[in-house]
Amino acid sequence: MSTGVHTVAVIGAGKIGELMLSGLLRSGWPADRLLATTRRPERAEEIATRYGVRVVDNLTAVRDAEVLAISVKPQDAGVLLDEVGPRIPDGKLVISLCAGLPTGFFSRRLPAGTPVVRVMTNTPALVDQAMTAISAGAHATGEHLALAEEMFKPLGATIRVPESQQDAVTALSGSGPAYFYLLVEAMVDAGILLGLPRQVAHELIVQTAIGSAVMLRDSGEHPVKLREAVTSPAGTTISAVRELEKHGVRAALLAALEAARDRARELAAQAT
Ligand SMILES: NC(=O)C1=CN([C@@H]2O[C@H](COP(=O)(O)OP(=O)(O)OC[C@H]3O[C@@H](n4cnc5c(N)ncnc54)[C@H](OP(=O)(O)O)[C@@H]3O)[C@@H](O)[C@H]2O)C=CC1
Ligand SMILES: O=C(O)[C@@H]1CCC=N1
């Protein structure tokens, strides 16, 4: 692939596609090196107006861009590839953001030798705090992985993983923000149960979540150690922890993330 800033097409500029566009622009990626595609004209207008990038049809995108970031839903990937797969010119890099879909699903529908990279990012990309896992598919070299990292590092942290781990990654970090939002919802409700105004409960829990996350990141301590530091003998915390363990929160999380991983596998099996 040529050196310098590559022209990237976000194919399927929905929630995640838009996060990619906005993140790349925030990082200084030139707008004239970004393309987007959508299905709906009103969405096309919205993206073009909001970000000043060319919104084109899929065939124009695969012709004009060097990197094709496919951010359609897994259920829509087959139709997209039927449209553009055989007509992707040589020398393009295909990056899939699609949960569950193995790179082989793309390689089988692309010209022989097309490099494919699979990434799993998440919505904190909006605030440049994403966790993005990057895996090499067929024909992807270290150069291709480095280019994917260059694209996603401005959005947050990146990690390289074997593709075999990507369904687990999807369960943990791809879907992960939703679990934390659910936890915050429940703790705010608990605050209300204990007589706090909703806004006060919300402010308390959000900052506690931020502080706890920063401690996890910056202290390097194991979460058990950090939890023990809060849990005073015969104090309030151990009373709550006992209830959490009694109600099976730990087992519930294990089952929930296993279900997410299993759904990723189902998406692959159902993709046509
Ligand atoms: N949401 C998340 O937190 C994460 C999602 N992902 C993955 O990212 C991908 C997108 O997810 P998300 O952004 O949430 O979904 P969205 O539905 O918001 O975005 C998908 C977009 O692709 C468009 N689209 C579908 N088919 C075509 C096509 N043939 N040509 C052009 N555009 C098309 C859709 O158009 P239309 O609006 O008309 O339907 C939509 O705008 C999925 O594969 C998902 O697994 C990965 C990490 C996190
Ligand atoms: O729920 C989903 O399928 C997508 C992929 C990971 C997060 N959201």
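In this predicted model, the residues around ligand 2 are Ala 99, Gly 174 and Ser 175. Taken on its own, ligand 2 has 250 Å² of accessible area, of which the protein covers 45%. Ligand 2 sits in the second largest pocket, and the space taken by ligand 1 is likewise assigned to the second largest pocket.

The surroundings of ligand 1 comprise 22 residues, the closest of which are Ile 16, Arg 39, Arg 40, Val 72 and Lys 73. By residue class, this shell divides into nine nonpolar, eight polar and five charged residues. With regard to secondary structure, helix H1, spanning residues 15-26, and helix H4, spanning residues 74-84, each supply at least two residues of the shell around ligand 1, and the largest share, three residues, comes from H4.

Polar contacts to ligand 1 involve both backbone and side-chain atoms of the protein. An oxygen atom of ligand 1 lies 3.0 Å from a polar backbone atom of Lys 15, and an oxygen atom of the ligand is placed 2.7 Å from a polar backbone atom of Val 72. At Lys 73, by contrast, the contact is made through the side chain, an N or O atom of which is 2.6 Å from an oxygen atom of ligand 1. Ligand 1 taken alone exposes 880 Å², and the protein buries 85% of that area.

Side chains of opposite charge can pair when their charged atoms come close. The structure holds 19 salt bridges, one of which joins the side chains of Arg 43 and Glu 18 at an N to O distance of 2.7 Å.

Most residues other than glycine have a negative phi. Against this background, His 139, a residue other than glycine, has a positive phi near 65°, and His 139 is placed in the loop between strand E7 (130-136) and helix H6 (142-152). A positive phi of about 55° is likewise found at Ala 234, although this residue is not a glycine. Ala 234 lies in the loop between helix H10 (223-230) and helix H11 (236-246).

Methods: Residues are numbered from 1 along each chain as its sequence is written. Chains are lettered from A and ligands numbered from 1 in the order in which they are written. This is a predicted model: local features need pLDDT of at least 70, side-chain atom pairs count only at pLDDT 80 or more; totals for chains, interfaces and linings use all residues. Side-chain values use heavy atoms; hydrogens and water are left out. A residue is near a molecule or strand if one of its heavy atoms lies within 4 Å of it. A polar contact is a pair of N or O atoms within 3.5 Å; within protein, one must be able to donate a hydrogen and the other to accept it, and residues adjacent in sequence count only if both atoms are side-chain atoms. Accessible areas come from the Shrake-Rupley method with a 1.4 Å probe; for residues, only the protein chains shown count as cover. On a 1 Å grid over the protein atoms alone, a cavity is a set of points where a 1.4 Å probe fits but cannot get out, and a pocket is an open set with protein on both sides within 12 Å along at least five of seven lines; lining residues have an atom within 4 Å of a point. A molecule sits in a cavity or pocket if more than half of its atoms lie within 2 Å of its grid points. Helices (H or I, at least four residues) and strands (E, at least two) are DSSP runs, numbered from the N terminus. Ala, Val, Leu, Ile, Met, Phe, Trp, Tyr, Cys and Pro count as nonpolar, Asp, Glu, Lys and Arg as charged, and the others, Gly among them, as polar. A salt bridge is a side-chain nitrogen of Lys or Arg within 4 Å of a carboxyl oxygen of Asp or Glu.
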